[in-house]
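Open the model in a viewer and keep the sequence panel beside it.

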Amino acid sequence: MNKKFDNGHYLEYTSAANPRMPAIVPHVMLPDFSFTKTVITSVDLSKELVTDYRATTPNCLASFITILTNESINCAANATSHLFVVIAGSGTAKFADGEISWKERDVFAIPGGAKDILLTANANSVLYWVNDEPILSYLGVSPHRQIFAPTLFPAEKIIAFANQFNQDEKAQMRNRNGVLLGNEACPLTKTITPSLWALFNVIEPNSTQLPHRHNSVALDLSLSAKAGVYTLMGPELDENGTIKNAQRFDWGNGVGFITPPGWWHAHINESDESAIVLPVQDAGLQTYMRTLFIQFSSKR
């Protein structure tokens with residue numbers, strides 16, 4: 001008998017085919033604007049997700065990076081994709097293949113082959129960093145090659161395209177208005193990296209973006225918002241297409257929140273200025289697996 005290989009479990013199918021997994025619940029993510037030290041603060045929900053590695057969602061780790069003027073910090077992770085959003089400040093990112101200069105509201109993506117990414121700030125800076133380290137930790141693997149090229153999305157170019165798209169006569173009929181950030185390495189999924197997805201979403205003054213839902217977890221970052229801008233979310237719609245027993249999450253500059261998979265969510269702007277939210281999702285993976293399943297409320 002090979003007793004040391006006797007690790008198998010034998011389960012009755014109907015009782016085990018749909019195991020109860022740890023729930024993904026709404027969660028607020030807050031950056032640190034105190035500028036007392038240079039630090040990476042990860043949103044580590046590994047206890048809630050029952051993992052022995054850092055994770056914000058099953059597939060992604062979200063962090064806020066605070067960098068003091070003329071200081072540097074190394075962003076190292078076992079990941080295929082790193083996505084950075086500049087909330088405030090300016091500086092540079094140095095990695096094996098080169099250097100990217102960044103400023104407020106720029107977005108840039110760096111592949112996992114660049115294990116050491118050195119961020120240096122020219123002024124007090126805060127960045128939002130999402131990578132896919134948790135799914136690699138779950139599988140026990142490491143990237144062996146770069147699967148896309150480092151890519152910069154300058155803020156002025158994003159905003160120019162957002163203005164162009166949102167001036168279209170059909171813009172008011174769309175469920176979301178903004179710029180989906182794509183990459184030439186992802187022609188099938190049309191995502192920013194093979195695993196990650198990002199949208200620069202603009203909510204006009206005194207308007208509502210109606211509910212939709214999808215199977216990817218959204219790591220939403222509000223980049224610009226006055227009082228009166230918020231998201232409503234919940235698992236169900238009523239007969240009128242509105243969210244039942246909705247939870248409210250108020251926006252604020254740099255404030256993030258987690259939208260669980262399958263939850264309906266609507267964005268409301270009751271202020272007199274446009275607001276911007278930038279969700280990051282594992283929708284590159286979900287789209288590739290044909291499991292994203294975006295569904296829109298039929299209410300108008």
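Start by selecting helix α4 (residues 155-166), where phenylalanine 161 and phenylalanine 165 are four residues apart and therefore separated by about one helical turn. Helices here are DSSP runs of H or I with at least four residues, strands are runs of E with at least two, and both are numbered from the N terminus. Before going further, note that this is a predicted model, in which local features need pLDDT of at least 70 and side-chain atom pairs count only at pLDDT 80 or more, while totals for chains, interfaces and linings use all residues. Residues are numbered from 1 along each chain as its sequence is written, and side-chain values use heavy atoms, with hydrogens and water left out.

**Ring pairs**

Searching the whole structure gives six aromatic pairs. Rings of Phe, Tyr and Trp (its six-membered ring) pair if their centres lie within 6.5 Å; planes under 30 degrees apart count as stacked, over 60 as edge-to-face, and the rest as tilted.

Select phenylalanine 84 and tryptophan 129. The ring centres of phenylalanine 84 and tryptophan 129 are 5.7 Å apart and the planes are at 10°, so this pair is stacked. Phenylalanine 84 belongs to strand β5 (residues 81-88) and tryptophan 129 to strand β10 (residues 125-131); the pair links distant parts of the chain, 45 residues apart. Phenylalanine 84 is buried at 0% relative accessibility, and tryptophan 129 is buried at 4%. Buried means under 20% relative accessible area, exposed means over 50%, and partly exposed lies in between (1.4 Å probe, protein chains only).

The rings of phenylalanine 161 and phenylalanine 165 have centres 5.8 Å apart and planes at 45°, so the pair is tilted. Phenylalanine 161 is partly exposed, at 36% relative accessible area, and phenylalanine 165 is partly exposed as well, at 31%.

**Charges over rings**

Next, select tyrosine 230 and arginine 248. Arginine 248 lies over the face of tyrosine 230, 3.6 Å from the ring centre. The criterion is NZ of Lys or CZ of Arg within 6 Å of the ring centre and within 35 degrees of the ring normal. Then move to tyrosine 288, where the charged end of arginine 290 sits over the ring, 5.7 Å from its centre.

**Salt bridges**

Which residue forms a salt bridge with arginine 248? The partner is aspartate 250, with a distance of 2.8 Å, N to O. A salt bridge is a side-chain nitrogen of Lys or Arg within 4 Å of a carboxyl oxygen of Asp or Glu. Aspartate 250 is partly exposed at 43% relative accessible area, and arginine 248 is partly exposed at 44%.

The structure holds eight salt bridges. Among them is the bridge between arginine 174 and aspartate 168, at 3.6 Å, N to O. Arginine 174 is partly exposed, at 34%, and aspartate 168 is partly exposed, at 34%. Select glutamate 236 and lysine 244 for another bridge, whose closest N and O atoms are 3.9 Å apart. Glutamate 236 is partly exposed at 46% relative accessibility, and lysine 244 is partly exposed at 35%. Finally, select Lys103, Asp106 and Glu156, which are linked in a network of salt bridges.

**Cysteines**

The search of the whole structure finds zero disulfides (pairs of cysteine sulfur atoms within 2.5 Å). Cysteine 75 is buried, at 0% relative accessibility. For cysteine 186, the closest cysteine sulfur is also in cysteine 60, at 14 Å, again too far for a bond. Cysteine 186 is buried, at 4%.

**Nonpolar cores**

A nonpolar core is a set of buried Ala, Val, Leu, Ile, Met, Phe, Trp, Tyr and Cys residues joined through side-chain atoms within 4.5 Å. The largest has 37 residues, of which Val107, Tyr128, Ile192 and Phe200 touch the most other members. Elements that each supply at least two residues of this core include β3 (61-67), β8 (107-111), β13 (197-203) and α4.

Centre the view on valine 107. Leaving aside neighbours within four places in sequence, valine 107 is in contact (heavy atoms within 4.5 Å) with residues including Phe84, Leu152, Ile158, Ile192 and Leu278. Apart from this core lies another, of 19 residues, among them Phe108, Ile117, Leu127 and Trp129.
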